[in-house]
Amino acid sequence: MAEVAEQEIPWWKKWLEETGEQVSFLSGFFRNLFSGGFEWSEFVRQCYEIGYKSFTLVGITSFIMGVVLTLQSRPTLVKFGANSMLPLMVCVSIIREIGPVITAIICAGKISSGIGAELGSMKVTEQIDAMEVSGANPMQYLVVTRILATTLMIPLLTLMGDVLGLFGGFLAVNLSDHMSWMLYFNKCVNSVGFTDLLPAIIKTVFFGFAVGFIGCYKGYNSNKGTESVGIAANSAVVSASLWIFFLDVVAVQITQLLFY
Amino acid sequence: MEEIKQDIKQPQKASETKTDEVVVELKDIKKAFGSKVVLKKVSLTLKRGENLVILGRSGQGKSVAIKGIVGMLTPDEGSLKVFGDEVANMDEKQLKTLRTKVGFLFQSGALYDSMSVRENLEFPLTRVLKIHDQQDLDKRVEEVLSSVGLKDAIDKMPSDLSGGMRKRVGLARTLILKPEIMLYDEPTTGLDPITSREISELILEMQKKYKTSSIIITHDMECAKITSDRLIVLNDGEFVAEGTYQELEKSDKEFIRSFFK
């Protein structure tokens, strides 16, 4: 009977309901963020879990991306006799786009799904309800700390990923040509400016917020039942990834308007 | 066997602490989820110091009835008062205060599995009572763990505990805030008969020690027999019988008697 009733709800009504719930969850986050009693120790623990424990994955992926990007781009640039432009191209690509987006996508897969599964599991086993009925504030302890941790750590991971990506590019350049580290470094530094770095860092703050927010929302609102834990983790990855691409498009448009 | 029976009967004298003051009052409560009506015009009262057991088959809305008492669910119709105040009209601050006075023991124990037993017990103390003095925290944690007989498990993780131990720790975490009302959601489900009996006796012991009023939801008749001052039977969203264990055991309705077989 309930299934029949559920099927009869039109998609747009479900979408509106979901959007309304997300807005309500977002307002709950900001209300709890400024209501005092910040959970510092849990925030630090989450920064460690999210930041430090993702560093290896982000680092290796960024390094490989730097190598691959350089190897793939070289033949085309050589055709035009522009192989000296290789560091510039690699650097601009990594700083502006590949670094932030790849890092955020990796974090959506690793962190957003982890948060979704963890909170979903806590919901299913009534741990969140137990916190709530004891008079403690689960939003403040579980949600605010996680969202702030992703918002802080993803920009830092991106910066570290950028450095490793550029290092990968340097090694790849030296597979076929010879270029000293100082020359490569100077070419990289001269090719990017404030207008490349700042928008890229700012957008990673939003990516970080999206990764944390969606993971928390999906987990916190998962329906009862073990199946819903998997659904929460899976939908957290899908939604967070889509939000990252959407935010990236918006960020590029704003950057174009403001800086170019 | 006779000895066990006497053990069971003796703690029932906990009802001596009962007074006529009503601490929880549900009047004509109705609750539906979508098209499914779970509670139809349900009314009950809980007096101070009383142990009230709600009996009923699974899926009859027993848990729904008590979740409204701590504001986890809002009834569609009717009045739900705790300590004379309407729960539906409470703001967030009032609800938080109410929740410090009403303890809820979940069916699974609901221990925070990323924290040790000590951290589980310290959590409500530091967040709700805002106690941060480590000596004070240690004293309170050790005292309540001793009450439930699990002082040695203080530094264990929930995954290292058995089902019965998890329930005991869950009970300790609830009692650490010294609530005036305790709500138990199927406290003996999933436990073997011996552990079930121990938990039931512990409930009664804690009621005497902490002078709480309790609503116990169960379909475990042994638990009902040990803990109840009064029983209510819920069927199809309505209370169909009320009385003491002995009265309901001799009910003329076959459905009521079927619980006691």
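Let's start with salt bridges: over all chains, this structure holds 22 of them, where a salt bridge is a side-chain nitrogen of Lys or Arg within 4 Å of a carboxyl oxygen of Asp or Glu. Side chains of opposite charge can pair when their charged atoms come close.

Before I go on, a word on the ground rules. This is a predicted model, in which local features need pLDDT of at least 70 and side-chain atom pairs count only at pLDDT 80 or more, while totals for chains, interfaces and linings use all residues. Residues are numbered from 1 along each chain as its sequence is written, chains are lettered from A and ligands numbered from 1 in the order in which they are written, and side-chain values use heavy atoms, with hydrogens and water left out.

So, which residue pairs with A:Arg74? That partner is A:Asp177, with the closest N and O atoms 3.1 Å apart. A:Arg74 sits in helix H3 (residues 40–79) of chain A and A:Asp177 in the loop between helix H6 (138–176) and helix H7 (181–191) of chain A, so the pair ties together parts that are 103 residues apart in sequence. A:Arg74 is partly exposed at 22% relative accessibility, and A:Asp177 is partly exposed at 25%. For those words, buried is under 20% relative accessible area, exposed is over 50%, and partly exposed is in between (1.4 Å probe, protein chains only).

Next, A:Asp196 and A:Arg96 form a salt bridge whose closest N and O atoms are 2.6 Å apart.

B:Arg230 belongs to strand S9 (residues 230–235) of chain B, and B:Glu50 to the loop between strand S2 (36–47) and strand S3 (51–56) of chain B, 180 residues apart. Are these two buried or exposed? B:Arg230 is buried at 15%, and B:Glu50 is buried at 1%.

There is also a network of salt bridges, joining A:Glu42, A:Arg45, A:Glu118 and A:Arg146.

Now to where the chains meet. Chain A brings 15 residues to the contact and chain B brings 22, contact meaning heavy atoms within 4.5 Å. Together the two chains bury about 1,700 Å², 54% of it on carbon and sulfur atoms; buried area is the accessible area (1.4 Å probe) that two parts lose on being put together, summed over both. A:Glu126, A:Gln127 and A:Val133 supply 34% of the area that chain A buries against chain B, more than any other three residues.

How many salt bridges are there between chain A and chain B? The count is one: A:Glu39 with B:Arg127, the closest N and O atoms being 2.6 Å apart. On the side of chain A that touches chain B, helix H5 (residues 127–133) of chain A gives the most, with six residues.

Technical notes:
Helices (H or I, at least four residues) and strands (E, at least two) are DSSP runs, numbered from the N terminus.
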